[in-house]
Amino acid sequence: MSLGGARDRLLCAAGLPAWARRRRRRDLTILMYHGVVARPLEVECWHQLPVDAFARQMAWVARRYAVLPLEEALERLAAGTLPDHALALTFDDGYRNVRTVAGPVLAAHGLHATVFLVTDLVGTDEVVWPDRLYLAFARSAAASVDVPDLGLPRCALEGPGRKARAYATAVRALKGLPVAEKDARLAALLAALGRTAPEEPGDFRMLGWDEVDAMRREGRFGFAGHSTRHEILARMPDGQVAAAIGRSHEVVAARTGHVPTVFAYPNGRAMDFDDRARAALGHLGVRFALSTIEGFNDATTDRLALERISVGADLSFARFRLLTSGAVALLRGRR
Ligand SMILES: [Zn+2]
């Protein structure tokens, strides 16, 4: 049991989340999830949340928040008509398990969520490139790799803990590179891991368009664009950024019959999107864009850099409550 864990539970027992939540009752809280898995993965993966943790979080959210469909919440934020304690749920990337594993939990609580699709990968056996790398590390039989320029000098890979750490180091380094250079280094790393053949996607499989259609008709999910192949927009050459945003947005509109008013930037840190992306969104008439910058939204928040609370597999339930309520931001001295 970690000291931080004990402290977080004490802060929750002292009522800090309830107090922080009241202070933020006029803000829009947007939670960011990715996948939800029936069983924890052997090699730790931050963005695939075990379903028991997800179910506990949704029960908490459903009791304490006015959960709105994201696009409605954004319109009402702009119009100044949000209810108190407004919250929207989002799932980035479009994993099939959002329907099969998260879907029944959302349905049990009557909750709506918006899914951001990587449109070129919908209905394929392909996974987003960071997941491709994750699967290669998780399934590699190599005892070690030696890739010093990605932070892995003579790096041992025995056991899930070492594999998870090596993956985290490599993916962080790759995310900083221009797309063409990233692609070349990624290919070399997959070769070093002995995993150049396509990977069976397993828990990382994307939704198909027929599933998207069924989810939309059931009324519990909305859809919007998240680029075509999940390249980080700020690392793309001029001329490709507008296409990655525009094609993704237009394909979602054509396939779902609803023109999204929102987009989510791949990776989404402030360094991951730029004025080229903003200009492309403006040209399309997309009024809102979600970042992964940690925070809450009010009338003054930049509509093309809306903030979210990221929920990953490393969060304890106490930490989830502290983060979502805004208590963590208060403890860090932010408003
Ligand atoms: Zn993403």
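This is a predicted model: local features need pLDDT of at least 70, side-chain atom pairs count only at pLDDT 80 or more; totals for chains, interfaces and linings use all residues.
Residues are numbered from 1 along each chain as its sequence is written. Helices (H or I, at least four residues) and strands (E, at least two) are DSSP runs, numbered from the N terminus.

**The core**
- The largest nonpolar core has 98 residues, and Ala73, Leu133, Val262 and Ala289 touch the most other members.
- A nonpolar core here is a set of buried Ala, Val, Leu, Ile, Met, Phe, Trp, Tyr and Cys residues joined through C-beta atoms within 7 Å.
- Domain 1 (3-125 + 201-331) and domain 2 (129-192) both supply residues, so the core lies between them; the domain bounds come from an automatic or database domain assignment.
- Leaving aside neighbours within four places in sequence, Ala73 is in contact with Leu28, Leu68, Leu82, Ala86 and Ala88 (contact: C-beta atoms, placed from the backbone, within 7 Å).

**Strand S1**
- Six of the six residues in S1 (residues 28-33) are buried.
- Buried means 20 or more other C-beta atoms within 10 Å of a residue's own, exposed means 12 or fewer, and partly exposed is in between, with C-beta atoms placed from the backbone.
- Both faces are covered, with Leu28, Ile30 and Met32 on one side and Thr29, Leu31 and Tyr33 on the other.
- S1 pairs with strand S5 (residues 86-93) in the parallel sense over six bridges, and Met32 stands opposite Thr90 there; pairing takes at least two DSSP bridges between the strands.
- S1 also runs parallel to strand S12 (residues 306-310), joined by two bridges, and Leu31 has Ile309 as its bridge partner.

**Helix H12**
- Seven of the nine residues in H12 (residues 317-325) are buried, among them Phe320, Arg321 and Leu322.
- Those buried residues pack against helix H1 (3-13), helix H2 (16-23), S1, helix H3 (51-64), S12 and helix H13 (327-331).

**Arg216**
- Arg216 sits in helix H9 (residues 209-218) and counts as partly exposed because 17 other C-beta atoms lie within 10 Å.
- Not counting residues up to four places away in sequence, Arg216 touches Phe221, Phe223 and Thr256.

How values were computed
Two residues are in contact if their C-beta atoms, placed from the backbone, lie within 7 Å.
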